[in-house]
Each structure stands twice: as structure tokens, then as C-alpha cells.
Amino acid sequence: MLSHLLAVASVWLVAAVSPGPNFLMTARIAVVRSRGAGFAAVCGIGIATVIWGVSGLAGIKTLFLAAPWAYATLKLAGAGYLIYSGVRLIVLAEKRSAADSALSVDAKEFSTSRAFWIGFATSLANPRSALSVASIFAVALPAQPSLGLGVASVALMVAISVGWYACVVWLFAAEAVSNGYRRLRRAIDRIAGGLLALFGARLALERG
């Protein structure tokens, strides 16, 4: 059992630390709002990881193969959300004047509950996560894993995701990082928005 869990942990850790929408949204919420809001977003990511993990164990890959339209629908919906988030970030960056550059302005925009739902929605926006989880399980787990091994694997994935993004929040909410963000805020928001839109466009256009 230990060898299977180590295999799951090693593969999922690489997936978690790879830069993507979760990283961008978590880092920005932490630097704009607070560590509390950032940790709320991390909780949302954790819940979404549970959903994808359980879906992988339940054989969602088989469902997607049997009903391609279901996967296509989820993929387009997720891509649309990421593109919308990216464009919105760019638009807000353009509208924001120099007088609005204080972090206190954005403090009104993000409640803790909103941060949670943004983290949750961003993590669920890519249905390929389900296929990635299914692939990890296929490689790292036996063909018929026991319930205990399956639950332990999902719990391990959640712990890795939460642990990594909690570290991201802790780093980006630091005063030095926040001060740097204030000085370069509009440029950073444009870049972050462009990357989110790019992630969404790539998701919408990729085959399979």
C-alpha cells in the first residue's frame, strides 16, 4: 500500500506545483486581499480536488468515453470560465486608475466566501483534471484498489494540493510581495489575465 501511495504522491505533486489557473488565482487573491481570503480559496481547491479524486475512482474516464458530449460540454464550460476570468482581470486592470492602486480598494471586492468559490470554480474549470486523476490511478494503483487505498489516495492528493497552495498563499501575502505588487499591479494583472485566457483558449481548442 505504501508503494502505491508514494507513486500517487510523486505524480500528483508534480501536477500540483506546475503553474496553472489555480496558482494564478490563489496568488492574486492572497496578495490583493489577505492570507485569510487566500486560505479560503485553498479550501475551495481542496474540495474540488476531492470531487475530481472521487470521480477518478468512480471511473469518470469511462463515462467521458461513453458520452463524449458530456466531456465536451464540461470542457467548453470550463474554458469559458477561465477566458471570462482572464478578460475580466485585464479589463479591471485597464479601468483602475493610479488613485485606486491601494490594496484596500480590492479588499471590498473579495469576501472570504467569494474567495472560496473562486478557488473552487477555478479548480473545477478544467475537466481534464478528471482524466489526469484517472490516469494517475491507472498507473499508480492496482486494477481493483481497495476502498481504503482509494480513500487514502484521494486524501493524499488533497493534502498535497492544500499544502502546496497554502505555501503559495503564505508567500504571496507577505508584505514585501504585496508592496511589489502595488508598484507593478496593472502590468501583473494584465499578464495574469492573459495567461488565464490563454489557459481557457487552449482547453477549448485541444482535442480529446
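The crossing of α3 and α7 is right-handed, meaning that the near helix is turned clockwise from the far one by less than a right angle. The model is predicted: local features need pLDDT of at least 70, side-chain atom pairs count only at pLDDT 80 or more, and totals for chains, interfaces and linings use all residues. Residues are numbered from 1 along each chain as its sequence is written, and side-chain values use heavy atoms, without hydrogens and water.

Helices are DSSP runs (H or I, at least four residues), numbered from the N terminus. The axes of α3 (residues 35–58) and α7 (residues 112–124) come within 7 Å. They cross at roughly 35°. Axes are lines fitted to C-alpha atoms over the stretch in contact, with angles from 0 to 180 degrees between N-to-C directions. Contact means heavy atoms within 4.5 Å. Residues of α3, including Ala41, Gly44, Ile45 and Trp52, meet residues of α7, among them Phe116, Gly119 and Ser123. By class, this contact has 13 nonpolar, four polar and no charged residues; Gly counts as polar and Cys as nonpolar.

Asn22 sits in helix α2 (residues 21–32). Asn22 is buried, at 17% relative accessible area (buried is under 20%, with a 1.4 Å probe and protein chains only). Beyond neighbours within four places in sequence, Asn22 contacts Ile45, Thr122, Ser123 and Tyr165. A polar atom of the Asn22 side chain lies 3.4 Å from the backbone nitrogen of Ser123.

An unreviewed UniProt entry lists residues 6–25 and 115–141 among its transmembrane regions; such annotations may be inferred rather than shown by experiment. Residues 115–141 are 85% helix and 0% strand, with end C-alpha atoms 34 Å apart.

How values were computed:
Helix = DSSP H or I, 4+ residues; strand = E, 2+ residues; numbered from the N terminus. Buried < 20%, exposed > 50% of the residue type's maximum accessible area, 1.4 Å probe, protein only. Polar contact = N/O pair within 3.5 Å; in protein donor to acceptor, adjacent residues only side chain to side chain.
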